Amino acid sequence: MAMNYKIPVTNKVSKEAEFCGSLFACADAIKLLHLNASGEGSYAKHVALGDLYDAISDAADDVTESIQGYKGLLNISIPASTLPTDCCTYVKGERTRITTAMSSMTDMIDIQNKLQDLIGVFSKTIYKLENLE
């Protein structure tokens, strides 16, 4: 007879659960920006945001599963997505938010490393958005 073990999920939303949910929401917002790129320089913007979307989607899943390795199953919800009004401002703001959150994860160095890699993709995207057409 197989035994099923399940870690109970609490109803309380932890800061880690909020952070993970916000990563998934960020991916959704970036996808909206990617799909709505138009006008001058839109191809470069479309490609840069597509690459960022792929990186965030992969990282959000990886980071969430890794955090759950430390904290157990998280009570994650994903905030509703809206199309940001200014692409570059949004990307810069998300980079700052992730950097700030990363600094509070001193007990999870592997997750900090994953987030540092993601922050690098944000920085590269900002370069592309500001300098390529």
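Start by selecting Ile 30. Leaving aside residues up to four places away in sequence, Ile 30 touches Leu 49, Leu 52, Tyr 53, Ile 56, Tyr 90 and Val 91. Contact here means heavy atoms within 4.5 Å.

A word on the model: it is predicted, with local features needing pLDDT of at least 70 and side-chain atom pairs pLDDT 80 or more, while totals for chains, interfaces and linings use all residues. Residues are numbered from 1 along each chain as its sequence is written, and side-chain values use heavy atoms, without hydrogens and water.

Ile 30 and Leu 115 touch the most other members of the largest nonpolar core, which has 34 residues. Such a core is a set of buried Ala, Val, Leu, Ile, Met, Phe, Trp, Tyr and Cys residues joined through side-chain atoms within 4.5 Å. Buried means under 20% relative accessible area, with a 1.4 Å probe and protein chains only.

Next, colour the helices, which are DSSP runs (H or I) of at least four residues, numbered from the N terminus. H1 (15–35), H2 (42–71), H3 (87–103) and H4 (109–131) each give two or more residues to this core. H1 supplies the largest share, nine residues.

Stay on H4. Its buried residues include Ile 111, Leu 115 and Phe 122. They pack against H1, H2 and H3.

Select the cysteines. Cys 20 is buried, at 0% relative accessible area. The structure holds zero disulfides (cysteine sulfur pairs within 2.5 Å).

Technical notes
Buried means under 20% relative accessible area, exposed over 50%, partly exposed in between (1.4 Å probe, protein chains only).
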